[in-house]
Amino acid sequence: MCGIVGYIGKRDVAPLLLEGLQRLEYRGYDSAGVVITSPKTPGLKMVKAKGRVRDLEARVPKRFAGTTGIAHTRWATHGAPSDENAHPHLDAENKVAVVHNGIIDNATDLRAKLVADGVEFLSETDTEVLTHLIARSQAPTLEEKVREALRLVEGTYGIAVLHADFTDRIVVARNGSPVVLGIGEKEMFVASDVAALVSHTRQVVTLDDGEMATIKADDFRTYTTEGSRTTASPTTVEWEAESYDMGGHDTYMHKEISEQVDAVDRVLRGRIDDRFSTVHLGGLNLDAREARTIRRVKILGCGTSYHAGLIGAGLIEELARIPADAEPASEFRYRNAVVDPDTLYVAVSQSGETYDALAAVQELKRKGARVLGVVNVVGSAIARETDGGVYVHAGPEVCVVSTKCFTNTVVAFALLALHLGRIRDLSVADGKRLIAGLRKLPDQIAEVLQQEGEIKKLAEEYAGAQSMMFIGRVRGYPVALEASLKLKEISYIHAEAYPASELKHGPLALIEPALPTVAIVPDDDLLEKNRAALEEIKARSGRILAVAHQEQEKADHTIVVPKNETELDPILMGIPLQLFAYHTALAMGRDIDKPRNLAKSVTVE
Ligand code: M6R
């Protein structure tokens, strides 16, 4: 999704901005642009290009010097990808330049009024409306011009504004789309994502919704869109710049799958309490007395985070005996759900910025609910809007498709379930058993990853399929859902996930030799039931790839994963299927890190 980067200081700005844009490429985009200026040579110089950042770079003229600038990667919403629709957008006099993430909901009305007033638009974007509104403001300062314009717009935005008459500053504002300031030595950065900043500074200030900031080379100040000063508290980004690099792998996806041993070790670190056979979750802000009053748990997330939430709900119900379920946040927010004071709501998100999940949190908070976050990005919007929560500590996840964060989120839910369980009725013995199981995970993940060679061969064998079926039962069903999502996202093979128990209620009609089935078959109380499903598929000549704890006689191939405690089985069973999706897509020549039509953080409706 769209990305913003800006700089003000003494350095040559264009290479800095292009490097920042490259760091944001992982978010997904279709065009890019940059505008620069400097106090010595005022006036705005702009270059834009449809396509990749390297296409933009190729267009940047040799003489393109400046010390202040803003740049953008665009993910089309209003108007097709094109040079004209790429940001920044300038007014007719080339005085004001705006880059914008988000959507201006009343852009059509505002555009009509501006056109009636004689304004000529050069693009089809909603953003250009903002440029003209700022340019037409008669207010004396850039801050007031921006404020006046923002008063007229409805919708979401993270914006950065440059003005040829105020070259000593960049003005930024946030409402629903992230804006982070980076504090350097006599230089300041701004970006929509810390990924664009961390190679220069790790001291950041994250703006809140309704907040604006003015950044100058040696100074910054924050204030509300109404003009009152706010207190900015700089924080240090934990993640190193190197963690955003490919680290010798061919793709980020491969790197991130391979990082799971360390990532899981990290989410466990410092949280296990052997004395009471439980776990400590420092940021939960939920004491034992309150935890005992919870009557339901409702988990909300999108895509992979929703799937992790489904496993989390199962774990909470099993270990803490609290009725729990998960629902896509994107659905929940629109169905006027009954908000119950005795329900604990949990929002799950890798980025912490997914708009659907954030909107669900805001609606819940407005109605007085207690909401926790299970989030990867520290200081993200969901992390800040929730009453407490659990960080999943997966480290930066750059690839559009989520892998290590899925695994870490499920482990974080196992910790939460164990914590709630031990406050309620989970025995010391079960606590000990699960802690031992959690501790085994990193080594067992390493064992799964060692099978990559065989999984690659299997993937190459199945890569010709037009469509695939994924099945699992109870704990295995969310694993099937996630594995099918992974496959479709990067290979574009159509895939369906069904509870194995539902096969005979319809999808069995699809089974034939050309439709392979991937079956999750753990050694649990449902093993025989799952085997019966494999029999049913075999009887219809369907090909079967099983992920199991032992070779499955009815399957054509079995990927055998190490056995852990039954409740924790979903954690390990998902990992070989990440590799399976990866190698299937690779065999099909797909652009794995940049799957078509997808963006990393979906920060718009
Ligand atoms: O950042 P989030 O976890 O909130 O993102 C939610 C989904 O957009 C995300 O998981 C998406 O489904 C990924 N492409 C999955 O690989």
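**Local packing in a predicted model**

Ala241 counts as buried, at 14% relative accessibility (buried means under 20% relative accessible area, exposed over 50%, partly exposed in between, with a 1.4 Å probe and protein chains only). The model is predicted, so local features need pLDDT of at least 70 and side-chain atom pairs pLDDT 80 or more, while totals for chains, interfaces and linings use all residues. Residues are numbered from 1 along each chain as its sequence is written, and side-chain values use heavy atoms, without hydrogens and water.

Ala241 sits in the loop between strand 14 (235-236) and helix 6 (252-258). Helices (H or I, at least four residues) and strands (E, at least two) are DSSP runs, numbered from the N terminus. Ala241 touches Arg23, Val198 and Ser199, not counting residues up to four places away in sequence; contact means heavy atoms within 4.5 Å. Ala241 and Val198 are 43 residues apart in sequence, yet their C-alpha atoms are 5.2 Å apart.

Aromatic pairs number 4. Rings of Phe, Tyr and Trp (its six-membered ring) pair if their centres lie within 6.5 Å; planes under 30 degrees apart count as stacked, over 60 as edge-to-face and the rest as tilted. The rings of Phe332 and Tyr345 have centres 6.3 Å apart and planes at 50 degrees, so this pair is tilted. Phe332 lies in helix 10 (residues 329-332) and Tyr345 in strand 19 (residues 343-349), so the pair ties together parts 13 residues apart in sequence. Both Phe332 and Tyr345 are buried.
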